[in-house]
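This report covers aromatic contacts, a ligand site and a few loop residues. The sequence and structure are shown first.

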Amino acid sequence: MSTAVSIIIPTYNERDNIIALVRRIDQALSNYEYEIIFIDDSSNDGTAEVAAALSPKYPVKVIIRQNKRGLASAVVDGLGYVKSEVIGVMDADLQHPPEVIPQLLKEIGSGADVAIASRYVEGGGCQGWGLMRRIISKGAIFLAHLLLPSTRKVKDPVSGFFMINRRVVGNTELKPTGYKILLEILIEGEFQSVAEVGYTFRTRSGGESKLNARQQIDYLKHIYSLMRRKGELVRFAKFCLVGLSGILVNMGLLWLLTEFVGLFYLLSAAISIESSIISNFILNDFFTFPDRRLPGAKSFFGRLLKYNLVCVAGLGVNMGVLWLLTDFLGIFYLVSELGGIVAATLWNYTLSILWAWK
Ligand code: GDD
Ligand code: MN
């Protein structure tokens with residue numbers, strides 16, 4: 001009989017949680033064939049020994065790595081040891097209740113390629129989290145949704161508790177940094193459908209969390225690396241280039257209309273600002289966002305209208321920052337304007353990818 005599911009569990013100093021964890025998994029999976037693969041980074045509290053001692057009674061394998069190389073990389077290594085076509089990933093500290101595993105299996109059984117235990121769908125939550133942790137968690141997810149658009153359909157793309165079909169990662173090289181192996185799989189994996197199952201992230205039962213500022217920096221590095229791999233950095237560079245071309249259009253027209261057509265300079269300015277917005281829009285539509293263009297005239301003009309509104313508001317952002325830096329911080333106005341331009345560019349880009357070219 002083939003193993004129905006292989007569960008990869010990265011561990012670092014989790015001695016006090018292992019026995020309860022394995023018992024609860026065994027109970028939850030009493031109707032399934034399963035195996036557990038612990039990937040231990042040479043814990044110094046005897047985690048690996050406790051786990052190995054369970055192997056006569058439970059289908060447990062223990063892989064020991066020599067250096068502490070991180071959660072996500074432990075999961076990637078674990079993929080090399082699995083027997084089954086269905087692969088689960090979870091933490092060892094019982095913050096991920098094993099009783100949820102059968103629900104994930106059910107989603108995979110009914111056709112999902114990726115099934116995620118999610119804190120942010122109905123039935124999900126976090127036990128005992130203060131406001132600060134909630135904000136950090138939501139902020140991290142917002143950043144992923146903003147900068148890696150293909151994650152937007154997933155409410156909890158940073159969950160550490162999920163299940164996949166082996167083929168999702170069969171042909172891909174995974175290069176995660178830090179903790180968020182699911183994010184890497186959602187970006188680099190091959191899959192059609194994703195399901196999320198609500199669950200409550202429990203308080204830790206024993207040992208300590210290894211999450212610290214280092215992981216938060218790693219998270220930013222990971223997002224940056226994924227953006228680079230997916231061409232999102234190039235996209236931003238293109239957007240900035242188009243912005244520069246807009247300045248040329250704007251200034252050139254202002255000069256032409258004022259000097260040669262003889263219009264009052266403020267009228268010329270109004271015309272040239274709008275012209276540069278339109279030329280930016282057309283360039284961005286074909287050059288920066290070719291993959292996000294819905295066909296049809298209605299959608300084209302819809303995007304144009306949205307981009308226009310974004311830019312007008314962006315002008316407000318530019319002036320606001322210029323005024324704040326100059327009047328309140330006493331910075332020379334031409335230097336302040338550099339801040340204004342950076343702020344407006346970030347504003348325009350953010351709203352463009354979130355709204356105009358959603
Ligand atoms: N092998 C190995 N190497 N395992 C590690 C390492 C490491 O360097 N660092 C942590 N682990 C193991 C821990 O032993 C635990 O089993 C699991 O990875 C999670 O570590 P925690 O330190 O408990 O993380 P957390 O509770 O703050 O965050 C977890 O839950 C979040 C919400 O689902 C992680 O899974 C996050 O990725 C997840 O977003
Ligand atoms: Mn934990």
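## Rings, ligand and loops

The charged end of Lys238 lies over the ring of Phe287, 4.9 Å from the ring centre; a charge sits over a ring if NZ of Lys or CZ of Arg is within 6 Å of the ring centre and within 35 degrees of the ring normal. Arg119 has its charged end over the ring of Phe201, 5.7 Å from the centre.

This is a predicted model, in which local features need pLDDT of at least 70 and side-chain atom pairs count only at pLDDT 80 or more, while totals for chains, interfaces and linings use all residues. Residues are numbered from 1 along each chain as its sequence is written, chains are lettered from A and ligands numbered from 1 in the order in which they are written, and side-chain values use heavy atoms, with hydrogens and water left out.

A search of the whole structure gives 15 aromatic pairs. Rings of Phe, Tyr and Trp (its six-membered ring) pair if their centres lie within 6.5 Å; planes under 30 degrees apart count as stacked, over 60 as edge-to-face and the rest as tilted. Phe264 and Tyr265 form an edge-to-face pair because their ring centres are 5.1 Å apart and their planes are at 65°. Phe264 counts as exposed at 56% relative accessibility, and Tyr265 as partly exposed at 46%. Here buried means under 20% relative accessible area, exposed over 50%, and partly exposed in between (1.4 Å probe, protein chains only).

The rings of Phe281 and Trp357 have centres 5.5 Å apart and planes at 20°, so this pair is stacked. The pair links distant parts of the chain: Phe281 is in helix H9 (residues 265-288) and Trp357 in the segment after helix H11 (333-356), 76 residues apart. Helices (H or I, at least four residues) and strands (E, at least two) are DSSP runs, numbered from the N terminus. Both Phe281 and Trp357 are buried. They belong to one aromatic cluster that also includes Phe236, Phe239, Phe289, Phe300, Phe301, Tyr307 and Tyr349.

Ligand 1 is surrounded by 27 residues, and the closest are Glu14, Asp41, Val158, Lys180 and Lys210; a residue is near a molecule if one of its heavy atoms lies within 4 Å of it. By class, this shell has 11 nonpolar, seven polar and nine charged residues. Ala, Val, Leu, Ile, Met, Phe, Trp, Tyr, Cys and Pro count as nonpolar, Asp, Glu, Lys and Arg as charged, and the others, Gly among them, as polar.

| Protein atom | Ligand 1 atom | Distance |
|---|---|---|
| Thr11, backbone N or O | nitrogen | 3.2 Å |
| Ile39, backbone N or O | nitrogen | 3.0 Å |
| Lys180, side-chain N or O | oxygen | 2.6 Å |

Taken alone, ligand 1 exposes 740 Å², of which the protein buries 99%; accessible areas come from the Shrake-Rupley method with a 1.4 Å probe. Strand E1 (5-11) and helix H3 (71-79) are the elements that give two or more residues to the shell.

Most residues other than glycine have a negative phi. Ser42, not a glycine, has a positive phi of about 50°. Ser42 is in the loop between strand E2 (34-40) and helix H2 (47-53) and is partly exposed at 27% relative accessibility. Leu94 has a positive phi of about 70°; Leu94 is in the loop between strand E4 (86-89) and helix H4 (101-109) and is buried at 9%.

How values were computed:
A polar contact is a pair of N or O atoms within 3.5 Å; within protein, one must be able to donate a hydrogen and the other to accept it, and residues adjacent in sequence count only if both atoms are side-chain atoms.
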